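Here are my notes for you on this model, as promised. Have it open beside you as you read.

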Amino acid sequence: MGQNISKIYFEKAKEVIPGGVNSPVRACKSVGCDPPFVKEAQGCYIYDEDGNFYIDYVCSWGPMILGHLHPHVVSAVEEALRQGTSFGAPTWREVELAERITQLVPSIEKVRLVNSGTEATMSAIRLARGFTGRKKIVKFDGCYHGHADSFLVKAGSGVATLGIPGSPGVPEEIVANTIAIPFNDLDALKAVFDKEAKEIAAVIVEPVPANMGVILPKEGYLETLRKWTKELDIVLIFDEVITGFRLGLGGAQEYFGVIPDLTCLGKIIGGGLPVGAYGGRRDIMDMIAPEGPVYQAGTLSGNPLATAAGIATLDVLMRPGTYEALEEKAQRLEEGLCSVAADLGITCATQRIGSMMTTFFGTSGPVTNFDDALSSNTEMYGAFFREMLEQNIWLAPSQFEAAFVSLAHDWEDIENTIASAYEAMRELV
Ligand SMILES: Cc1ncc(COP(=O)(O)O)c(C=O)c1O
Ligand SMILES: NCC(=O)CCC(=O)O
């Protein structure tokens, strides 16, 4: 497998871009190799600058649930492009996308579009603080909510992957208002609520954490979280940037039947262009300017190309049978990975929900929280990642991320992936 052109680009990139990448997770540092530079992609295949192709399970970290260059998305974006790329004024596509979101996501009565998941979570926290008049927020160890200051405490994703404990540049006064506790642990939650509920504006949670690898909520956990926050007038925020439109049209909240006060979205609702959103209860959302006093804005928010891609993506997802198709393929992949590992005597645990999954190495699971995730064998994951890349399979370059199946993966791709996993795991024995 050639890597020459990618290597040349990466060397150049490091001269002019910190670490050579525009987001740390892309650098592949923790898996011990340099990143291939992508030339183009089609369906579930990615092609790099050296002429290699890969079956893609990163899917741009989640958004490409239809696969790359889905014709319906391409024609919607082309049509929007011909009409102008940004106006800084309202357009019908914003209303259309907002209407779809309010119809499909149970908690969302009103929604504001932004440009990224980070903007969505950052704005939702500001809103919760404005609404309650309280300062503190509770987050869970290993959950990642983007890179706003308040969230860089025991964060997942690249923060965990690179072993960055917090982040220089985040003032202590800000993180003093963030309380981080273990996920799936009601005793820890109760202890915090008993001590300081009256100061807590919001609890923010990935209802299915996917940034320390995929971790499932224990039975009744989300329900109790909902019950207690309601009793204490604490705003419950579901960060569904990954799970939104991934676990179904109504996201994790519909899947588990637990309805938060606010929901953050991103990734899929932009169909591969930059979009985020936060929405929820009408009385809370009406606090946002210009209706109310909580300020939040954006020059490119509700961008016509991005909303066109988002609407087109939802069009396709709303066709009958899409989530069933994703489930079947992801289930087969999970089964295949488990049986390959069992045949070869590799200790690992594949945790899946819908079309997202993580294989944790060095543990037979279940992996239920950040400490469990951190005790997995990241070196073994790195070796697996490199072997899979050799086999033309593109996985997330970190143990603490999810693999995503898209509608573009067909049965042959899934079977080829399982066969590749056999070859890759054989090298680990
Ligand atoms: C759950 C979750 N929230 C928020 C974010 C931040 O989104 P973005 O990278 O678009 O800022 C991410 C992903 O990066 C995420 O996985
Ligand atoms: N699950 C983690 C992400 O999606 C982050 C992507 C990025 O920061 O580039």
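1. Which helix gives the most to the shell around ligand 1? Helix α4 (residues 117–132) does, with three residues; helices here are DSSP runs of H or I with at least four residues, numbered from the N terminus. This is a predicted model, in which local features need pLDDT of at least 70, side-chain atom pairs count only at pLDDT 80 or more, and totals for chains, interfaces and linings use all residues. Residues are numbered from 1 along each chain as its sequence is written, with chains lettered from A and ligands numbered from 1 in the order in which they are written.

2. Ligand 1 is surrounded by 14 residues (C-beta atom, placed from the backbone, within 6 Å of it). The closest are S116, G117, T118, G146 and V241. By class, this shell has three nonpolar, nine polar and two charged residues, Gly counting as polar.

3. Around ligand 2 you will find S23, V25, W61, Y144, S157, G158, N211 and E401. Three of these are nonpolar, four polar and one charged. Domain 1 (4–69 + 321–426) and domain 2 (71–317) each supply at least three residues to this shell; the bounds come from an automatic or database domain assignment.

Notes
Helices (H or I, at least four residues) and strands (E, at least two) are DSSP runs, numbered from the N terminus.
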